[in-house]
Amino acid sequence: MSVVVITGSAGLIGSEAVRFFSKLGMHVIGIDNDMRKFFFGEEASTTWNRKCLEENVKNYKHHDIDIRNYSKIEGIFKYFGKKISLIIHTAAQPSHDWAARDPFSDFSVNANGTLNLLQATREYCPEAPFIFTSTNKVYGDLPNYLPLAELEKRWEIDPSHKYSSGIFEDMSIDQSKHSLFGASKVAADVLVQEYGRYFGMKTVSFRGGCLTGPNHSGTQLHGFLAYLIKCAMTGTPYTIFGYRGKQVRDNIHSSDLIAAFYEFYIDPGIGEVYNIGGGRESNCSMLEAIELCQEITGRELDYSYTEDNRSGDHIWYISDLSKFKAKYPSWSIKYSVPQILREIYEHNSGRWANQ
């Protein structure tokens with residue numbers, strides 16, 4: 001039985017990957033020490049999801065390990081060796097605001113943790129594809145300098161611009177404001193590319209937009225759609241930060257992202273980079289998302305507005321998916337934003353009703 005190592009295995013993307021690859025008959029080694037609880041508090045804990053995996057996925061083995069601990073990471077890789085046929089690295093500190101509070105922890109998790117996993121892969125299973133969940137924040141705030149127009153409910157790019165279908169991988173990651181979180185993810189992203197190009201390893205950085213789905217433990221600092229509809233359901237006040245609530249994000253469902261991971265696993269490249277998100281098929285502004293949440297839940301969202309946007313945050317970001325689709329033409333977006341929100345609501349409304 002081949003082995004897949006998945007970090008952040010109790011999180012949104014990690015748990016989706018656990019379920020998907022276990023169904024292929026692979027032995028799944030999950031690495032997750034619930035750092036999300038440390039970052040964002042009890043409401044963000046992924047313990048409930050870990051227990052669900054342990055109870056329902058028979059070929060799943062959980063390891064409560066910090067990815068910054070190289071000796072323990074090495075121990076797992078050394079034990080399984082070349083039986084490891086895939087590494088999916090989703091563990092991260094994912095918040096702009098949190099990174100500014102504790103830059104050392106942010107960088108050590110995002111950059112050093114990624115280095116540990118790359119080196120262990122190089123030492124013990126160098127032929128295994130290495131999939132890294134990067135972020136569109138590696139482009140810093142450069143997207144904010146695109147020709148954007150303010151419409152009634154959203155910002156939108158000039159339709160004649162080359163990025164009208166979304167932002168390509170050719171956008172610079174240099175000389176812009178990233179936030180410290182963005183900077184630590186740049187470091188990890190470049191390391192993933194370099195281990196591919198320098199050592200000939202099958203690595204890829206997927207630069208994601210907003211990653212979402214029903215298993216997201218959304219919180220104020222991370223998890224846009226999941227937290228928004230949770231607030232509508234529970235009556236929790238929500239704050240919009242800047243841009244008049246018209247900031248635009250593309251949103252990709254976790255299963256659509258894992259389907260992209262699978263395509264790379266079957267036909268991997270070396271040191272690849274792909275922008276991945278909902279693209280033009282699945283995106284929304286904050287105001288548009290609020291309207292959808294109120295429609296789905298039948299409740300008014302208690303929200304307020306502050307002029308102060310988060311430093312380095314995007315006004316408008318939509319991924320151009322053409323590079324990935326050209327390489328993997330059988331892949332496509334299956335979920336739209338309304339479908340995503342409806343599924344999050346139906347999956348979690350019973351659990352949230354008691355909060």
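Q: How many positive and how many negative side chains does the chain have, and how far apart do the centres of the two sets lie?
A: Lys and Arg count as positive and Asp and Glu as negative, while His and the chain ends are not counted. The place of a charge is taken as NZ of Lys, CZ of Arg, CG of Asp or CD of Glu. On that basis the chain has 37 positive and 42 negative side chains, with the centres of the two sets 5 Å apart.

Q: What kind of model is this, and which pLDDT limits apply?
A: The model is predicted: local features need pLDDT of at least 70, totals for chains, interfaces and linings use all residues, and side-chain atom pairs count only at pLDDT 80 or more. Residues are numbered from 1 along each chain as its sequence is written, and side-chain values use heavy atoms, with hydrogens and water left out.

Q: Why does the radius of gyration agree with that of a compact globule?
A: The radius is taken over C-alpha atoms, and the globule rule is 2.2 Å times the number of residues to the power 0.38. For 355 residues the rule gives a value near 20 Å, and the chain agrees because its radius of gyration is 19 Å.

Q: What percentage of the residues of the chain count as buried?
A: Buried means under 20% relative accessible area, exposed over 50%, and partly exposed in between, with a 1.4 Å probe and protein chains only. Of the 355 residues, the buried part is 59%.

Q: What share of the contacts with a separation of 6 or more comes from residues 24 or more positions apart?
A: Contact means heavy atoms within 4.5 Å. Among contacts in the chain with a separation of 6 or more, residues 24 or more positions apart account for 84%.

Q: Why is strand 11 largely enclosed by the rest of the structure?
A: Helices (H or I, at least four residues) and strands (E, at least two) are DSSP runs, numbered from the N terminus. Val248, Asp250 and Ile252 point one way from strand 11, Arg249, Asn251 and His253 point the other way, and all are buried. Strand 11 (residues 248-253) is therefore largely enclosed, its buried residues being six of the six.

Q: Which strands are joined to strand 11 by bridges?
A: Two strands pair if DSSP finds at least two bridges between them. Strand 9 (residues 210-212) runs parallel to strand 11 with three bridges, and Leu211 stands opposite Ile252. Strand 13 (residues 283-285) is antiparallel with three bridges, and there Asp250 stands opposite Asn283. Val248 stands opposite Trp316 in the parallel partner with two bridges, strand 15.

Q: Is Gly166 buried or exposed?
A: Gly166 is found in the loop between strand 7 (155-157) and helix 7. Leaving aside its neighbours within four places in sequence, Gly166 is in contact with Trp316, Ile318, Ser319 and Asp320. With 0% relative accessibility, Gly166 counts as buried.

Q: How many residues of helix 1 are buried?
A: The buried residues of helix 1 include Leu12, Glu16 and Phe21. Helix 1 (residues 12-22) is largely enclosed by the rest of the structure, because its buried residues number nine of the eleven.
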